[in-house]
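Take a first look at the fold below. The report that follows walks through its strands, helices and charged pairs.

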Amino acid sequence: MQEMSDMDAGGGVIRRVLVVDDSRLQRRILSASLQRWGFEVQEAESGDDALVLCRDDPPDLVMSDWMMPGLSGLEFCKEFRLMSRDHYGYFILLTSKSDKDEVALGLDAGADDFLTKPVNAAELRARISAGARILRMERELIEKNRLIKTTLDELQTLYDLLDSDLIEAKKLQQSLVSERYRDYGPAEVSLMLHSAGHVGGDLVGMFPISNQRIGLYGMDVSGHGISSALMTARLAGYLSSSVPEQNLALRKTASGEFVARPPSEVIANLNRLIMSEMETEHYFTLLLAEVDLASGKVIMAQAGHPYPALQRANGQVEFVGRGGLPVGLIDGAEYQQFEVTMAPGDRLLIHSDGIIECAGTSGGLLDDSGLADILRDLRQTRGMACLESLIWKLSEFAGDADFADDVSAVLLEFKPNLFPG
C-alpha cells in the first residue's frame with residue numbers, strides 16, 4: 001500500500017481521526033492504514049465511548065461503523081452533530097448497506113460520506129481527501145468570516161468615532177445660528193435650520209446695521225455633508241453679526257459708524273472672493289436682504305436662491321425676485337437688486353430649495369404653489385411657531401420627517417399697526 005503524509009491525505013486540516021467499531025480487528029485494520037499515512041488515531045469500541053472522546057477532544061474526522069450494540073453509528077452521528085465545537089467535524093459511516101433509502105437515512109442523521117465494508121484502501125484515501133477539501137473550505141470560510149468580523153468591528157469603531165465627531169460638528173454648526181429669534185420692535189425675525197444629515201450646507205442669519213436697519217440672509221452650499229458644512233462655517237464669518245469689521249455687507253464710515261453696502265455689490269464681492277481665493281468645487285446660492293425697520297422697505301439681491309415668499313396681511317402670497325447666478329460658478333458675474341415695501345402685518349419668508357423641492361408621497365414636488373398653500377394655512381401662526389409648523393406640514397407632505405435635503409428659512413414679520421400715521 002502506498003504511504004502518504006497528512007499533508008497529502010488531509011491537507012493539514014485532518015490530523016486526528018476517531019475510528020469507532022465494535023470489532024477490534026476492523027479497528028486495527030483501519031488504524032494501521034491511517035497511522036501509516038501520518039494521522040493521529042483514536043479508537044472506540046462503542047458509540048457511547050466515542051461520545052466521551054469527542055466531548056473531551058473533538059476529532060477532525062470520525063469513521064464509525066453503522067451497526068454496533070448499544071448506541072448505533074446512526075445514533076452516534078446524530079449526537080455528534082449536536083455537540084458544540086469550533087470547527088466542523090467530518091463524519092464517514094462504515095456500512096454494508098447500499099440501499100438508497102438507507103443512504104438517505106444516514107445523510108439525514110448528519111453523515112457526510114459512506115464507505116462500504118470491507119474498506120478498500122484506495123477508496124478510503126480518496127474519501128479522506130474529499131473530506132479534507134470540504135474541511136479546508138470550511139476553515140478558510142471561518143478565517144475569512146473572522147477577518148470580515150474584525151474589519152467590521154474596526155469600521156464600527158471608526159463609525160462610532162466619526163458619528164461622535166459629527167454630532168459635535170452638528171452642535172458647532174447649529175451654534176452658527178446662535179440667535180433663533182429677535183424682536184426688533186416694529187418687526188420680528190425667526191430663523192430655522194434643519195440639516196438632512198448630521199451636518200449640512202444651509203445657513204441662515206441676521207446682523208444689525210444700525211438702530212433702524214438689519215441684514216438678513218439665507219444660503220445653500222452645493223452638496224451635503226462635511227465639506228459643505230465647512231464651507232458654510234467659513235462663509236458665516238463673511239456675514240458676521242458679532243464682528244462687524246469682518247462683515248462684507250458692512251462698511252465703516254469716517255465717523256466710525258457702519259453702513260450697509262448694496263446687497264448686489266456684496267454678492268458680487270463674494271463671487272470674486274470665491275473664484276480667486278478659495279480652491280473649491282462648491283458653489284452656493286444666496287439671498288441677501290437689507291431691511292429698513294422704520295419704513296418697511298426691503299432691498300434684496302438674489303444669487304440662485306429660491307424666490308422669497310411675500311405674504312401680505314390679508315393672506316395673499318406672492319413670490320418676488322430677479323433670479324441670478326449662484327456664487328462661485330462664473331467669474332465676473334453681476335447681480336441685480338430688487339425691493340419690496342412691507343406694510344404692518346406683512347411677512348417675508350427667505351427659504352432654501354429643500355422646502356420647495358421636497359418630494360411628496362405621490363412623487364411630485366411641493367413647489368411655490370404648495371408653499372403658498374402652507375403659508376395661507378399658517379396665516380394666524382407667527383414666529384418660531386410658524387416655522388415649526390412649516391416643518392410639520394412638510395413632513396406630512398413628504399410622509400417622512402427625514403428630508404432628503406437641508407431645510408432652512410428666515411421669517412421676517414412686521415407687527416400690525418405699528419407704523420406712524
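With which residue does Arg81 form a salt bridge? The partner is Asp112, and the closest N and O atoms are 2.6 Å apart. A salt bridge here is a side-chain nitrogen of Lys or Arg within 4 Å of a carboxyl oxygen of Asp or Glu.

This is a predicted model, in which local features need pLDDT of at least 70, side-chain atom pairs count only at pLDDT 80 or more, and totals for chains, interfaces and linings use all residues. Residues are numbered from 1 along each chain as its sequence is written, and side-chain values use heavy atoms, with hydrogens and water left out.

**Charged pairs**

Arg81 lies in helix H4 and Asp112 in the loop between H5 and E5, so the pair ties together parts that are 31 residues apart in sequence. Helices (H or I, at least four residues) and strands (E, at least two) are DSSP runs, numbered from the N terminus. Arg81 is partly exposed, with a relative accessible area of 25%. Asp112 is partly exposed too, at 25%. Buried means under 20% relative accessible area, exposed over 50%, and partly exposed in between (1.4 Å probe, protein chains only).

The whole structure holds 22 salt bridges. Three of them are listed here.

| Salt bridge | Closest N to O |
|---|---|
| Arg81 and Asp112 | 2.6 Å |
| Asp183 and Lys415 | 2.8 Å |

Glu123 and Arg127 both sit in helix H6 (residues 121-175), four residues apart, about one turn of the helix. Asp183 and Lys415 link distant parts of the chain: Asp183 is in strand E6 (residues 181-183), and Lys415 is in the segment after strand E18 (407-414), 232 residues away. Asp183 is partly exposed, at 41% relative accessibility. Salt bridges that share partners also join Asp21, Asp65 and Lys117 into one network.

The axes of H4 (residues 73-82) and H5 (residues 100-109) come within 8 Å and cross at roughly 25°. That makes H4 roughly parallel to H5, since angles under 35 degrees count as roughly parallel. Axes are lines fitted to C-alpha atoms, for helices over the stretch in contact, and angles run from 0 to 180 degrees between N-to-C directions. Leu74, Cys77, Lys78 and Arg81 of H4 meet Leu105, Gly106 and Ala109 of H5. Contact means heavy atoms within 4.5 Å.

Gly110 lies in the loop between H5 and E5. Gly110 counts as buried, at 15% relative accessibility. Leaving aside neighbours within four places in sequence, Gly110 is in contact with Cys77, Arg81, Tyr88 and Phe91.

**Strands**

Five strands form an open sheet in the order E2-E1-E3-E4-E5, with parallel pairing. Its edge strands are E2 (40-44) and E5 (113-116), each pairing on one side only. The twist averages 20° from one strand to the next. Two strands pair if DSSP finds at least two bridges between them. E1 (residues 16-20) and E3 (residues 61-65) have four bridges; Val20 has Ser64 as its bridge partner in E3.

Elsewhere, nine of the nine residues of strand E12 (residues 284-292) are buried, so E12 is largely enclosed by the rest of the structure. E12 pairs in the antiparallel sense with E9 (residues 213-221) over nine bridges. E12 also pairs in the antiparallel sense with E13 (residues 297-303), over five bridges. E12 and E13 form a hairpin with four residues between them, and Gly296 in the turn has a positive phi of about 85°.

Technical notes. Angles under 35 degrees count as roughly parallel, over 145 as roughly antiparallel, 65 to 115 as roughly perpendicular and the rest as oblique.
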